Amino acid sequence: AKAKAIAHGGRAIEYAMRESKEGEFINMNLIQNETPDAIFREFLETQKYNTRCKNKFIRIEIGIAPQDEKKLSNEDFQKICSSFSQKFGFKNHQWIACTHRDTDNLHLHMIVNRISIDNKVYNTDFISMRAGKIAEEISREMGLTIAKEVERKEKYRLEVTSFERMLIRSKIELTAKTVLKSHPKSFKEFADEMKKRNVTVTEAKNKKGNTYGLRFSGFGQTFKASQIGKEFGYRTLMASFTEGTKNQQNIQVNNQPTVVENITSGIGSLLDVGSALGALLPDGQSSHNPDEDYQELLKRKRKKKKGYGRQH
């Protein structure tokens, strides 16, 4: 159960008694009328002497466990609401109670006048927490399902599921690494081998149809590639499929003459041609000695350097 102090009492009463909620008006206290407008006016009549309080209504919602719904009658619902009133201390407060059946789980609504008939304002500090404790007490008294115990079971179930997911992730990771060691040549070959081992590998695509990642699904769980391992990221995995092709291309390149070798052989051929031309020239017209030309160039550079700097 949960409870809250509210200001919109008229709408709350109308909502609680709305026919579309497929419920029934099951209980009331210090109320003479049975229509929403008339009940609201009765609440206002009691509240007119208190002008300082702003939230003059209390709304309480009481959930009924599905397994308890079939064994409870309207008389039991009346008993539940009366127990809430007694344990909250609503003896001198006007209130109504209705059932709602428009959702999957049946539940109860109580609308309480926070101002009592003797003009006292009900203290709503921690009221929702108190509502939960009262619901637990009534559940124990009537042998009904206790919400806290259900929550503990759900938490345990989540922990078990988490452990199972961890084991499945490890199993898929081991399977993927085993397939990768067999050196598949393409993504299709890798995906086919994984499928044989009950794991489906699919591409995750954006709105433009571009692949941005991979999904590994198997044994009732689905994981992103990054959760399986760094080597299974889309780009990394695709690169591993092309390594064999790249190595083969490198072998072919290595068997061919290198660029340096081609240049060297070309220079050698040119020198041979130069030598042949030099031999054909008459005496005194042969080309200069390269070593002599280089030494002459160095001398000119030294003379220029000596001329730099300030003159003293």
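In this predicted model, Ser83 turns up in helix H4, the stretch that runs over residues 74-88. Ser83 has a relative accessible area of 14%, and since anything under 20% counts as buried, Ser83 goes down as buried. Its C-alpha atom lies 8.6 Å from that of Ile134, although 51 residues separate Ser83 and Ile134 along the chain.

Then there are the aromatics. Phe84, Phe88, Phe90 and Tyr122 come together as one aromatic cluster. With ring centres required to lie within 6.5 Å of each other, the tally of aromatic pairs is eight. Such a pair of rings is described by two things, namely how far apart the centres are and the angle between the planes.

A ring also features in a contact with a charge. Here Lys171 places its charged end over the ring of Phe219, and the distance to the ring centre is 4.1 Å.

Next comes Gln221, which belongs to strand E8, residues 221-224. The relative accessible area of Gln221 is 18%, so with the limit for buried set at under 20%, Gln221 is also classed as buried. What does the side chain of Gln221 join up with through a polar contact? The partner is the side chain of Arg165, at 2.7 Å. Leaving aside residues up to four places away in sequence, Gln221 touches Arg165, Ile168 and Phe216.

Note on methods
Residues numbered from 1 in each chain as written. Predicted model: local features only at pLDDT ≥ 70, side-chain atom pairs only at ≥ 80, totals over all residues. Heavy atoms only, no water. Phe/Tyr/Trp six-rings, centres within 6.5 Å; stacked < 30°, edge-to-face > 60°. Lys NZ or Arg CZ within 6 Å of the ring centre and 35° of its normal. Helix = DSSP H or I, 4+ residues; strand = E, 2+ residues; numbered from the N terminus. Buried < 20%, exposed > 50% of the residue type's maximum accessible area, 1.4 Å probe, protein only. Polar contact = N/O pair within 3.5 Å; in protein donor to acceptor, adjacent residues only side chain to side chain. Contact = heavy atoms within 4.5 Å.
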